[in-house]
Amino acid sequence: MRALARWVAATAAVVSLAASAACGGDSPANEKVVEFWYYQPIPEQSKQVKELVKRFEETEPTITVRLTEIPKDDYNTKLSSALGGGRGPDAGYLDQPLMARYANAGQLAEVPAGTITESDFYDGALRTNKISGKLCGIPLQQTTVALFYNKKLVSTPPATWNELVAESARVHWENPNLAGVNVPKGEGFGAWLFPAFVASAGGTMLDEGSRRIAFADPPAQEALALWRKLLESSPRRITNSENSFHKGLTAMMFSGPWEVLTIRQQFPQLDFGVAPLPRKDVAASNIGGDNGVVFSKARNPDAAWKWLRFLSDATHNAEFSNITGNFPTNRKAAQAAKINTDPALKVFVDQLETAQARPTVPEWIQINDEYLAKAIEEGVDGGRSPADALTDAAARARKLLGWQ
Amino acid sequence: MNGVHRSSSWHRRRRDALAGFAFTAPAMLHTLVFMLVPAGAALYFSFTEWDMISPAHWVGLRNYQEILFDSDLYPDFWKSVRVTALYALLSVPASLVTGFVQAYLIDLLRRGQSLYRLVFYLPVITAEAAVAAIWKWLYDPQFGLINAGLEVLGGTGPDWLGTPGVVIPALALIAAWQSGTAMLIFLAGLKGIPRTYYEAAEVDGANRWQQLGRITLPLLRPTTFYLVVTGVIAALQVFGIVYVLFGGNAGPERSGLSYVLHLYLFGYRNGAMGAASAMSVLLFVTVLLVTAAQFRLVPQQYEE
């Protein structure tokens with residue numbers, strides 16, 4: 001038994017030695033290290049982000065930024081485990097819908113007054129950082145969704161819901177082997193896009209002030225009915241084929257700017273255009289993206305804020321979003337970024353003006369993925385009436401939130 | 001005299017015990033640190049509400065009660081149970097059959113056994129992500145090889161991964177293709193059957209089918225039992241292939257929502273680690289019960 005005890009002690013010593021080496025207490029005392037976690041970019045982007053870090057360190061000689069790249073799908077898992085174990089980074093990305101959960105858990109530091117000027121930023125992006133009225137992060141990059149159309153099949157992109165339905169039907173009627181639109185499904189992406197259509201019909205998802213679920217109201221029902229209608233001229237058998245739009249089998253799809261780059265690189269023969277999302281009553285879109293946050297247990301919060309301010313200022317935010325393929329959150333940066341000279345990408349920039357931030361209740365991801373997605377699936381593919389499907393989802397969300 | 005003898009043997013035994021501990025310590029430590037402690041922690045957290053980033057607070061049996069009985073909060077829990085049960089029901093027999101057929105045919109070969117063993121085992125050691133990518137292509141409704149083959153034969157294939165009712169059979173087919181482990185173990189089992197039995201049977205005039213039904217299959221019962229038990233345990237925990245094929249969306253109408261995928265989504269995406277822990281405890285109990293039932297109901301030995 002004593003041998004076992006000694007063995008345990010020795011192993012523990014080795015493990016702790018390895019751990020302390022990995023975390024590095026080796027930097028000079030006057031140097032401040034900012035441990036920054038972000039999503040794993042492709043190698044080329046990674047190199048450019050490192051260049052950006054170098055330039056930051058030149059302006060702030062006492063600060064060292066240490067980057068850690070983590071695959072996006074694992075990011076939340078790794079981050080919550082690290083913070084739970086008390087070994088989290090100083091600062092990092094945080095996906096917009098996760099802001100509320102981390103803020104309510106007391107893991108986020110409030111942005112010190114004077115760090116940024118709020119009016120410099122797009123409203124939709126900034127609002128994703130406001131949790132119970134407090135600013136808990138700085139928007140770094142954002143994205144939205146627009147209408148992609150195949151110019152060979154669709155000459156003028158539909159601007160309204162009625163035109164969209166008519167155009168989709170025409171394409172499928174002229175050639176039954178083609179689908180009109182890649183209709184979003186009842187899953188994470190579809191549920192993320194859904195609020196844009198709801199807002200276009202004049203509705204909202206939640207009213208947090210009066211603690212009321214609004215996504216079963218008539219505007220949401222109309223939005224769901226639209227998708228269901230589109231399915232009639234857009235068989236899943238065609239749209240379920242991998243990249244069916246890219247290969248010319250589907251005439252239109254809703255997707256984000258990342259698709260512009262993919263199509264140009266991998267499907268150069270496709271002649272496509274990008275247009276704003278078709279509207280019912282008002283123009284509206286959804287928003288996604290990442291905020292920069294400083295964690296409440298950060299060792300060097302001041303240095304971390306300086307780094308985030310650098311990433312979000314008028315010059316560097318443009319560079320940063322050029323690297324990652326997303327859009328600047330800083331209005332002045334958006335004017336300078338190369339997206340403005342690209343007509344396809346310009347559509348997204350314009351559409352960001354009407355972007356609707358997601359509700360900021362911490363349970364939103366669960367409501368989105370488990371309840372709303374299910375309602376969309378039942379209402380679009382499953383043949384349930386939109387009103388019934390959404391009413392059930394609303395009842396579930398109400399129960400989860402305790403908004404009886 | 002007696003005392004000296006006893007003390008030296010006591011010393012030897014003590015030394016043996018120490019050596020034994022030293023040798024087993026790494027394995028025991030591994031089991032303790034990476035399995036027992038986390039399992040104990042999961043049991044504890046299953047009684048709490050916990051999102052991993054704020055302190056857990058005790059809620060007693062509420063997680064269990066809500067998971068099992070509240071279909072509003074967990075609308076897809078029972079669906080994930082059904083999906084997993086159906087998957088186990090289809091994939092375990094499918095992979096046993098293909099594994100056995102492969103082993104039986106390989107055993108008939110006079111040369112090149114090791115080559116075929118390697119080839120049929122390759123799907124098992126191929127990375128899950130690569131397997132998923134290959135099958136995504138094979139199953140593609142427009143350009144997939146499988147549907148193209150069916151068209152040549154005059155039929156039309158379904159949209160394999162896009163039609164809710166076909167998703168689980170499609171997954172079982174992948175499992176059948178990945179039956180290399182069953183093949184290896186069946187092959188070892190076949191080698192363990194004495195040749196003399198077959199010689200005697202031949203002398204008695206038994207044909208190949210009779211030999212298969214009267215000698216091979218009955219004598220492989222312990223092997224088959226082992227494969228059924230381990231196969232069911234693995235099938236109840238299927239996660240990798242569905243996660244890579246479908247991600248968090250779990251396929252059309254969530255028809256690929258396996259139990260562990262459902263659990264994973266609650267723990268890591270929805271921030272409900274307490275509920276996810278409760279689901280893992282429920283799974284553990286289920287696996288235990290199912291395995292115990294198999295020990296009672298499935299024949300383990302050949303009886304005259």
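Biologist: Into which domains is chain B divided?

Modeller: A word on the basis: this is a predicted model, where local features need pLDDT of at least 70, side-chain atom pairs count only at pLDDT 80 or more, and totals for chains, interfaces and linings use all residues. Residues are numbered from 1 along each chain as its sequence is written, chains are lettered from A in the order in which they are written, and side-chain values use heavy atoms, with hydrogens and water left out. Domain bounds come from an automatic or database domain assignment, and chain B is divided into domain 1 (2–45) and domain 2 (66–297).

Biologist: Stacked or edge-to-face: how do the rings of Phe215(A) and Trp364(A) pair?

Modeller: Rings of Phe, Tyr and Trp (its six-membered ring) pair if their centres lie within 6.5 Å; planes under 30 degrees apart count as stacked, over 60 as edge-to-face and the rest as tilted. Here the centres are 6.4 Å apart and the planes at 65 degrees, so the pair is edge-to-face.

Biologist: Are Phe215(A) and Trp364(A) buried or exposed?

Modeller: Buried means under 20% relative accessible area, exposed over 50%, partly exposed in between (1.4 Å probe, protein chains only). By that rule, Phe215(A) and Trp364(A) are both buried.

Biologist: Which ring does the charged end of Arg331(A) sit over?

Modeller: A charge sits over a ring if NZ of Lys or CZ of Arg is within 6 Å of the ring centre and within 35 degrees of the ring normal. For Arg331(A), 4.8 Å from the centre, that ring belongs to Tyr122(A).
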